[in-house]
Amino acid sequence: MTVSAETLPWVLAGIPEVRWLHGDDECDCVFQRIGDWTNPYLGRTLRVRLCCIWAELYKQFPQFVQEIPAYYDQNEDAYYTRPADWNGDTEMSRALWHRQEAAKLGITIAQARKLLAGQTPPQGKERVNGRKQRGKQTQGSSRGSASPGA
Ligand SMILES: [Zn+2]
């Protein structure tokens, strides 16, 4: 992070060392959401770990929450309980990989993070003439998108 020379020392004390980003894997929420607002005319930035705040709200209002252990395919109007194989163009993000393995193995995200430490996430599939190279089709690999979603 670069800090302008105009920045006063007392302001530096309020600048966090870690910048929260979507997919930063800094919390154990299945779907990470970071609110991020900044304005140069105000000289202010507001970042909120919405996912963590929402998790606390869910505990207070469980009657308004449906946590479903399946992917809902809107086109098929069907639920799929098996996480799809990675089919993205680039390497799967570690945050998504940790959540996928947690879902596959029935363990916590923290456990998956430890289990996969030092290992390489699933790699992207090369494109030839704009089309993905298809490997051996496995159950579930053709549905859904490759968007991070975590
Ligand atoms: Zn969170």
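Which residues in α3 meet which residues in α4? In this predicted model, Trp97, His98, Arg99, Glu101 and Ala102 are the residues of α3 that take part, and their partners in α4 are Ile109, Gln111, Ala112, Arg113, Leu115 and Leu116. By residue class, the contact of α3 with α4 is made up of six nonpolar, two polar and three charged residues.

The geometry of this helix pair can be stated as well. Two packed helices are described by the angle between their axes and the distance between the axes. Helix α3 covers residues 94–105 and helix α4 covers residues 109–116; their axes come within 8 Å and cross at roughly 110 degrees. Because angles of 65 to 115 degrees count as roughly perpendicular, α3 is roughly perpendicular to α4. The crossing of the two helices, α3 and α4, is right-handed.

The pair belongs to a protein chain with four helices and six strands. In sequence order, these elements of the protein chain follow the pattern α-β-β-α-β-β-α-α-β-β. The protein chain has 150 residues, of which 8% count as buried. When contacts between residues at least 6 apart in sequence are considered, 52% of them join residues at least 24 apart.

Tryptophan 97 lies 23 residues away from threonine 120 along the chain, and the C-alpha atoms of the two are separated by 9.7 Å. Tryptophan 97 is also one of the α3 residues that meet α4.

Two aspartates have a positive phi. In aspartate 25, a residue other than glycine, phi is near 65 degrees. Aspartate 25 is located in the loop between α1 (9–12) and β1 (34–39). Since 17 C-beta neighbours lie inside 10 Å, aspartate 25 counts as partly exposed. Aspartate 77, likewise not a glycine, has a phi of about 50 degrees. The position of aspartate 77 is in the loop between β3 (71–73) and β4 (78–80). With 7 other C-beta atoms within 10 Å, aspartate 77 is exposed.

Confidence in the prediction was examined along the chain. The mean pLDDT of the protein chain is 85, and 77% of its residues reach 70 or more. Over residues 135–149, however, the pLDDT is below 50, and this stretch has 22 contacts in the model beyond near neighbours in sequence. Where pLDDT is low, the predicted coordinates should not be read in detail.

Notes
Residues are numbered from 1 along each chain as its sequence is written. This is a predicted model: local features need pLDDT of at least 70, side-chain atom pairs count only at pLDDT 80 or more; totals for chains, interfaces and linings use all residues. Axes are lines fitted to C-alpha atoms, for helices over the stretch in contact, and angles run from 0 to 180 degrees between N-to-C directions. Angles under 35 degrees count as roughly parallel, over 145 as roughly antiparallel, 65 to 115 as roughly perpendicular and the rest as oblique. A crossing is left-handed if the near helix is turned anticlockwise from the far one by less than a right angle, and right-handed if clockwise. Two residues are in contact if their C-beta atoms, placed from the backbone, lie within 7 Å. Ala, Val, Leu, Ile, Met, Phe, Trp, Tyr, Cys and Pro count as nonpolar, Asp, Glu, Lys and Arg as charged, and the others, Gly among them, as polar. pLDDT is the predictor's confidence in each residue, from 0 to 100. A residue is buried if 20 or more other C-beta atoms lie within 10 Å of its own, exposed if 12 or fewer, and partly exposed in between; C-beta atoms are placed from the backbone.
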